[in-house]
Amino acid sequence: MRQVFVAQRHRLQIGLFVMAVLVAGAGSAAVDPGDAHPTGPNLLTNPGFDGDVSSWLGPATWDSRHDAGGNRDSGSLRLSRPRTSSNSCATEEQCLAVNPGTYELSGKALVLAGDSNGSASLRLHFCATTDCMCSPLSFGGSLGLVRGRQDAWLPLTTGPLVAPAGTQSAGILLLACPEKDLVEADFDDMVFRRVPTATNPPK
Ligand SMILES: [Ca+2]
C-alpha cells in the first residue's frame with residue numbers, strides 16, 4: 001500500500017514539474033520581440049531612384065545628373081511645376097500597406113530652379129483603407145521645407161508619426177510647390193520605416 005502511495009506521489013511530482021515547464025514555456029512564448037518596436041527596415045520600393053522613378057505615382061521624371069550621394073549610376077526623382085491659378089503643388093506618391101504603430105518619413109531634397117520661395121517638402125498620412133485614398137486617420141508634414149534654390153542637398157523629415165488603430169495603409173508624398181512662377185526640385189534617399197514609440201516626446 002505504501003509503495004502504491006509513493007508511486008502516485010512520484011507521478012504527481014513529475015506531473016507538477018511538466019506543468020511548471022509548460023507554464024514557463026508559455027510565458028516566454030508570450031513575449032513578443034516586436035513589442036519593443038525597434039527601428040525597422042526601409043519599407044519603400046525604389047527609395048534611391050536607381051535608374052528610374054518606378055514604383056512612384058505622379059508626374060515626376062528621373063534626373064540622371066543629380067544624386068544625393070554623388071552616385072552617377074543612381075540619380076534622383078524630379079518634380080517640376082509652374083504656378084497656375086488652378087493648382088499649387090506637384091505631388092509624387094507611394095502607397096504602402098502598414099499596421100498601426102509609429103513611423104517616420106525622411107529624405108533629401110534639392111531645389112534646382114525656380115522662384116525664391118518655391119519649396120520641396122514631404123507629407124505622410126495614414127488610412128483605414130488599403131489604397132491610401134481616405135480622410136486620414138492621422139497625417140503630418142515635414143518639419144521644415146527646402147525653400148528657394150539651394151547649392152546642396154538638404155534633409156527633410158516628418159519626425160515620428162503615429163498610425164492609430166485601424167490603420168491599413170500609409171501614403172508617402174513628395175511635394176514641389178511654386179510660389180510665384182515655377183519650381184523644380186529633386187528628391188533622393190527616401191526612407192520610410194517603423195520607429196520606436198516616443199515615451200518622452202521632444203519639447
Ligand atoms: Ca539616388
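Leaving aside neighbours within four places in sequence, which residues is Ala-185 in contact with? The residues are Leu-79, Ala-109, Leu-110, Val-111, Leu-112, Ala-120 and Ala-176, where contact means that the C-beta atoms of two residues, placed from the backbone, lie within 7 Å. This is a predicted model, in which local features need pLDDT of at least 70, side-chain atom pairs count only at pLDDT 80 or more, and totals for chains, interfaces and linings use all residues. Residues are numbered from 1 along each chain as its sequence is written.

**Confidence**

- The average pLDDT of the chain is 82, pLDDT being the predictor's confidence in each residue, from 0 to 100.
- A score of at least 70 is reached by 76% of the residues.
- Where pLDDT is low, the predicted coordinates should not be read in detail.

**Overall layout**

- The chain contains one helix and eleven strands, which are DSSP runs numbered from the N terminus (helices: H or I, at least four residues; strands: E, at least two).
- Read from the N terminus, the order of elements is α-β-β-β-β-β-β-β-β-β-β-β.
- Of the contacts between residues at least 6 apart in sequence, 77% join residues at least 24 apart.
- The chain has 203 residues, of which 30% are buried; buried means 20 or more other C-beta atoms within 10 Å of the residue's own, exposed means 12 or fewer, and partly exposed lies in between, with C-beta atoms placed from the backbone.

**Nonpolar core**

- A nonpolar core is a set of buried Ala, Val, Leu, Ile, Met, Phe, Trp, Tyr and Cys residues joined through C-beta atoms within 7 Å.
- The largest such core holds 35 residues, and Ala-109, Ala-120, Ala-176 and Ala-185 touch the most other members.
- At least two residues of this core come from each of β2 (76-82), β4 (101-114), β5 (119-127), β10 (169-177) and β11 (182-194).
- With seven residues, β10 gives the most to this core.

- Asn-46 lies in the loop between α1 (2-29) and β1 (61-63), and its phi is near 55°, a positive value in a residue other than glycine.
- Asn-46 counts as partly exposed because it has 15 C-beta neighbours inside 10 Å.
- Phe-49 is in the loop between α1 and β1 and has a positive phi of about 55° although it is not a glycine.
- Phe-49 has 27 other C-beta atoms within 10 Å, so this residue is buried.
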